[in-house]
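What follows is a guided reading of a two-chain structure, from the contact between the chains to details of each one. Please keep the sequence and the coordinates at hand.

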Amino acid sequence: MIGIVDYRAGNLTSVARALESLNEPCIITNDSRLLDDVSHIIFPGVGAAGAAMANLRESGLDGHLKKWVQNGKPVLGICLGTQVIFESSEEDDTRCLGIVPGVTKRFPADLREGGERLKIPHMGWNRVAFRKDHPVFAGIPGDAEFYFVHSYYPAPADETWAAGWTDYGIRFCSAVARGNLVAVQFHPEKSGRPGLTLLANFCRWGGIDAQ
Amino acid sequence: MLSKRIIPCLDVRDGRLTKGIKFKENVDIGDPVEAARAYYEQGADEIVFYDITASAEARAIMLDVVKRVAETIFIPFSVGGGIRTVDDMRQVILAGAEKVSVNSEAVKNPGVIRDGARAFGSQCIVLGMDVKKVLASSEIPSGYEMVIHGGRTFTGLDALLWAKEAERLGAGEICLNSIDADGTLDGYELDLTSLISSHVGIPVIASGGAGKPEHLLDVLTRGKADAALIASMVHYRTHTIAEIKNFLHERGVKTRMLW
């Protein structure tokens with residue numbers, strides 16, 4: 001059973017629908033006792049870091065998330081879920097969970113590529129150069145694209161956490177992985193077949209990093 | 001670098017497609033969910049649904065369509081048509097759409113853009129614009145005027161000023177339809193598209209006039225559009241999405257080639 005953490009951050013049902021299409025049973029819940037019992041945790045989210053952290057603290061899920069990562073349960077962060085596992089976010093100047101050393105930064109205002117001014121949010125399809133040996137990214141072709149919608153990006157203090165990179169005016173870390181934790185900035189549930197492959201890989205993964 | 005998006009637009013009335021779309025002989029050709037599935041499998045980057053339903057009962061039917069689409073395709077899609085309030089938006093988003101679009105409703109009540117962006121984030125709010133070319137004047141300095149009710153009513157609102165105002169209010173994207181080009185199959189309105197796209201910091205989807213792949217090439221390069229909406233050229237099977245993408249890819253436009 002896959003547990004989807006409900007902390008009032010956006011529409012969590014799209015992740016559940018993608019899992020259902022893969023015949024993976026899942027529950028969406030904010031009940032930490034139910035989440036203690038699931039085999040895998042998905043920590044998604046759309047919205048602002050400040051409100052998300054306030055909801056996580058109020059519900060006590062912040063401490064549980066740290067515990068699940070420490071205890072070795074496979075955890076997948078998505079989008080805002082990925083951003084708030086870092087120490088802090090420049091969005092609303094928010095203190096975050098501190099599971100991964102580093103900060104979530106805002107894209108520079110004057111982002112350019114080939115002379116063209118780039119629009120923010122970074123919204124649409126882009127490539128991810130994955131660290132090739134990770135089981136959760138297995139079978140995803142190098143030129144596959146994923147759907148992104150964000151104005152902030154994760155910047156790990158220690159680049160050995162980075163498991164994928166994406167170019168948008170700057171090169172930013174679009175996936176992190178260590179031990180039983182994988183977190184991505186894009187939306188695998190909205191990225192067609194490559195995204196579904198990633199989710200299917202995660203659901204079958206025992207939580208051991210190949211590195 | 002982002003890929004340019006190719007977005008089929010599906011018009012829905014009372015839960016059925018309004019334009020004849022022929023995918024397979026033995027498939028119910030009027031079902032929007034099946035059409036969405038077919039375009040998803042052909043490589044659509046996103047899908048736009050426009051609900052042209054009038055009655056309140058049919059709104060519930062549309063929400064059911066949205067729910068079934070969300071169970072079937074795993075790419076983003078937006079829903080527009082008759083969305084007037086934050087509560088209308090919430091229903092569509094909870095049914096599974098990533099984005100909602102507001103058009104005439106926002107002209108009459110611009111606050112709905114701000115309220116929607118506050119409630120769901122700017123990335124959820126698409127401003128639909130129907131625009132007609134007019135003589136430039138002190139009221140309409142850009143020479144492009146906002147029209148509503150499918151182009152029947154002039155608003156006295158300058159399209160460029162409205163686009164900037166909507167961005168300020170929190171719109172996350174603009175779907176820009178030229179009423180003059182719409183239905184002609186003669187190509188997008190490049191001047192309009194490039195004017196709006198170069199004056200806002202949010203993505204612009206060009207709409208109206210697509211008849212062949214060259215038109216998409218033009219609007220995604222010279223027109224500076226971030227995405228191109230298509231309808232007849234794929235609905236009537238004169239072209240496929242894969243064929244359009246190959247055409248663009250061979251000419252150096254970055255598109256998503258693997259799905």
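This is a predicted model: local features need pLDDT of at least 70, side-chain atom pairs count only at pLDDT 80 or more; totals for chains, interfaces and linings use all residues.

Two strands are taken to pair if DSSP finds at least two bridges between them.

The loop between β5 and β6 of chain A holds Asp92(A). Most residues other than glycine have a negative phi, and most peptide bonds are trans. Against that background, Asp92(A) has a positive phi of about 60° although it is not a glycine. Is Asp92(A) buried or exposed? With 12 other C-beta atoms within 10 Å, Asp92(A) is exposed.

Asp14(B) sits in the loop between β1 (5–13) and β2 (16–17) of chain B. There, 15 other C-beta atoms lie within 10 Å, and Asp14(B) is partly exposed.

A further backbone feature concerns the peptide bond between Ile120(A) and Pro121(A), which is cis, with omega of about 10°. Pro121(A) is part of the loop between β9 (116–117) and β10 of chain A.

The discussion now turns to the contact between the chains. On the side of chain A, 29 residues are in contact with 25 residues of chain B. Elements of chain A that each supply at least two residues to this side are α1 (13–21), β10 (122–127), β12 (145–150), β14 (162–168) and α6 (192–204). The class composition of the side of chain A that touches chain B is twelve nonpolar, eight polar and nine charged residues.

Lys190(A) gives a local view of this contact. It lies in the loop between β16 (181–184) and α6 of chain A. Which residues does Lys190(A) contact, leaving aside its neighbours within four places in sequence? In chain A they are Ser14(A), Tyr147(A) and Gly195(A), and in chain B they are Phe74(B), Ile75(B), Pro76(B) and Glu98(B). Lys190(A) is classed as buried because 24 C-beta neighbours lie inside 10 Å, the cut-off being 20 or more. Between Lys190(A) and Cys26(A) there are 164 residues of separation in sequence, and 17 Å in space from C-alpha to C-alpha.

Within chain B, strand β6 (residues 125–133) is mostly covered, with seven of its nine residues buried. Strand β5 (residues 99–102) of chain B pairs with β6(B) in the parallel sense over three bridges, and Ser101(B) stands opposite Val126(B) in β6(B). Strand β9 (residues 173–178) of chain B also runs parallel to β6(B), joined by six bridges; Leu127(B) has Ile174(B) as its bridge partner in β9(B). By contrast, strand β7 (residues 144–148) of chain B runs antiparallel to β6(B), with four bridges between them, and Asp130(B) faces Val147(B) in β7(B).

Two helix pairs complete the account of chain B. Helix α1 (residues 32–42) and helix α2 (residues 56–72) of chain B pack at about 30°, with their axes 9 Å apart. Angles under 35 degrees count as roughly parallel, and α1(B) and α2(B) are therefore roughly parallel to each other. Their crossing is right-handed. The contact draws on Pro32(B), Val33(B), Ala36(B) and Arg37(B) of α1(B), and on Val65(B), Arg68(B), Val69(B) and Thr72(B) of α2(B). These comprise five nonpolar, one polar and two charged residues.

The axes of helix α8 (residues 213–221) and helix α10 (residues 241–250) of chain B come within 9 Å and cross at roughly 50°. At this angle α8(B) and α10(B) are therefore oblique to each other, and their crossing is right-handed. Pro213(B), Leu216(B), Leu217(B) and Leu220(B) of α8(B) meet Ile244(B), Phe247(B) and Leu248(B) of α10(B). By class, this contact has seven nonpolar residues, no polar and no charged.

Terms used:
Residues are numbered from 1 along each chain as its sequence is written. Chains are lettered from A and ligands numbered from 1 in the order in which they are written. Two residues are in contact if their C-beta atoms, placed from the backbone, lie within 7 Å. Ala, Val, Leu, Ile, Met, Phe, Trp, Tyr, Cys and Pro count as nonpolar, Asp, Glu, Lys and Arg as charged, and the others, Gly among them, as polar. Axes are lines fitted to C-alpha atoms, for helices over the stretch in contact, and angles run from 0 to 180 degrees between N-to-C directions. Angles under 35 degrees count as roughly parallel, over 145 as roughly antiparallel, 65 to 115 as roughly perpendicular and the rest as oblique. A crossing is left-handed if the near helix is turned anticlockwise from the far one by less than a right angle, and right-handed if clockwise.
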